[in-house]
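The following note was written for a colleague who wants to read the coordinates with some care.

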Amino acid sequence: MRPTAVFTRIGGGLIVLWLVSLLTFSLLQLVPGDPAELVAGDSASPERVEQIRVELGLDRPLTTQYTSWLSGIVQGDLGTSVFTGDPVTEAILRAAPATLSITFVALVIAVVVGVPAGVVAGLRQGSWVDRTVSLLATVGIAMPGFWVAMLLVLVLALGLSWLPATGYSPIGDGVGEWFSHIVIPAVALGLATAAELARHARGCVADVLERPYIRTARARGAHPSWLVRHHILRNAAIPVVTVLGLQAGRLLGGSIVIEMVCGIDGLGTLAINAILQRDFPILQGYVLLSAAIVVTINLVVDGMYSWLNPKVRTS
């Protein structure tokens with residue numbers, strides 16, 4: 001991929017983030033409820049409510065509020081929580097490690113389990129391996145993540161006492177303690193993604209096996225393992241990588257429900273509380289951070305796609 005293409009994609013990502021910020025700010029203004037009234041309480045006088053509204057800057061025109069918020073974002077300041085008074089950046093940084101840890105481990109589980117299973121099933125079409133992987137993939141996609149999380153908590157935590165049922169331990173307290181707290185939510189979150197990747201990998205490998213150049217290479221006596229390494233895996237990986245990028249964004253959104261089930265104070269819990277409390281700055285910061293992560297993932301996927309596809313790489 002040429003440098004101009006890289007800068008074009010980065011510029012496009014920045015435009016997407018700006019549009020997300022504008023859309024999020026505009027839609028939140030339509031949500032019923034006055035944050036100043038929630039902060040002041042039910043017994044507050046109208047004068048006190050108006051005073052809080054001025055302190056929060058809610059009396060200013062919407063365009064002024066948006067431009068002020070946007071300029072703060074450029075400087076790394078996402079604003080201040082209207083409910084707690086804490087900086088939004090600090091609140092997000094406190095909650096982000098738990099969510100990102102769960103999402104990352106879930107993605108690793110999905111790739112390590114789903115891709116090899118799909119490749120093996122695609123190479124052995126019609127065998128018992130193929131039928132088993134297809135059946136398990138269908139079951140994995142059909143099972144809701146929150147139900148899997150509750151089942152794992154019931155069996156592994158409450159029944160066998162192998163893992164903690166709730167909570168999160170920072171990685172600074174020890175890798176073992178950290179992993180024991182995220183393995184249940186990560187498995188529950190990554191199971192459906194592993195099943196989805198297995199289905200796509202199986203279909204992509206099966207499709208590549210039917211290509212004319214594969215049949216020609218086989219007719220010339222090419223060794224099967226050589227074909228798998230040099231042709232099948234590389235060509236089948238191109239659509240799988242695209243699906244992986246889409247699934248990564250899905251994992252980030254799915255962590256909201258999993259965090260509630262497992263009692264983890266992550267970004268999902270922060271967003272739910274912000275919705276209930278009408279804490280718009282927290283909610284805006286969460287949406288913007290989620291969009292930035294998704295845009296970054298898609299930029300990485302574009303780079304991997306260009307590396308896997310010589311036609312894109314040389315363009």
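1. A contact here means heavy atoms within 4.5 Å. Among the contacts in the chain that join residues at least 6 apart in sequence, 72% are between residues at least 24 apart. The model is a predicted one, and the values below should be read with that in mind.

2. As to the secondary structure, the chain comes to 13 helices and zero strands, and the order of elements from the N terminus on is accordingly α-α-α-α-α-α-α-α-α-α-α-α-α. The C-alpha trace spans about 85 × 55 × 35 Å along its principal axes. Of the 315 residues in the chain, 37% are buried, while the accessible surface comes to about 17000 Å², with 67% of that area belonging to carbon and sulfur atoms.

3. In the model, the span 135–158 is 92% helix and 0% strand, with its end C-alpha atoms 29 Å apart; the span 178–198 is 100% helix and 0% strand, and its end C-alpha atoms lie 28 Å apart.

4. The same record, again as an unreviewed entry, places "domain: ABC transmembrane type-1" at residues 96–301. Over that span the model is 84% helix and 0% strand, and the end C-alpha atoms lie 22 Å apart.

5. Four aromatic pairs are found in a search of the whole structure. In one of them, the ring centres of phenylalanine 25 and tyrosine 66 are 5.4 Å apart and the planes stand at 55°, so this pair is classed as tilted. Because phenylalanine 25 belongs to helix α1 (residues 3–28) and tyrosine 66 to helix α4 (residues 62–74), the pair ties together parts that are 41 residues apart in sequence. Both phenylalanine 25 and tyrosine 66 are buried.

6. A further tilted pair is made by tryptophan 178 and phenylalanine 179, with 6.4 Å from centre to centre and 50° between the planes.

7. Serine 21 lies in helix α1 and, at 2% relative accessibility, counts as buried.

8. On the surface, a nonpolar patch is formed by Phe146, Trp147, Met150, Leu151, Leu154, Val155, Leu158, Leu160, Trp162 and Val257, which together have about 1000 Å² of accessible area. Helix α7 (residues 145–159) supplies the largest share of this patch, namely seven residues. Leucine 154, one of the patch residues, has its place in helix α7; because its relative accessible area is 52%, and exposed means over 50%, leucine 154 counts as exposed.

Notes: Residues are numbered from 1 along each chain as its sequence is written. This is a predicted model: local features need pLDDT of at least 70, side-chain atom pairs count only at pLDDT 80 or more; totals for chains, interfaces and linings use all residues. Side-chain values use heavy atoms; hydrogens and water are left out. Rings of Phe, Tyr and Trp (its six-membered ring) pair if their centres lie within 6.5 Å; planes under 30 degrees apart count as stacked, over 60 as edge-to-face and the rest as tilted. Helices (H or I, at least four residues) and strands (E, at least two) are DSSP runs, numbered from the N terminus. Buried means under 20% relative accessible area, exposed over 50%, partly exposed in between (1.4 Å probe, protein chains only). Patches are made of residues with over 30% relative accessible area and no salt bridge: like charges are joined within 9 Å, nonpolar side chains (Val, Leu, Ile, Met, Phe, Trp, Tyr) within 5 Å. Accessible areas come from the Shrake-Rupley method with a 1.4 Å probe; for residues, only the protein chains shown count as cover. A salt bridge is a side-chain nitrogen of Lys or Arg within 4 Å of a carboxyl oxygen of Asp or Glu. UniProt positions are given in the numbering used here, feature names are shortened, and annotations may be inferred rather than shown by experiment.
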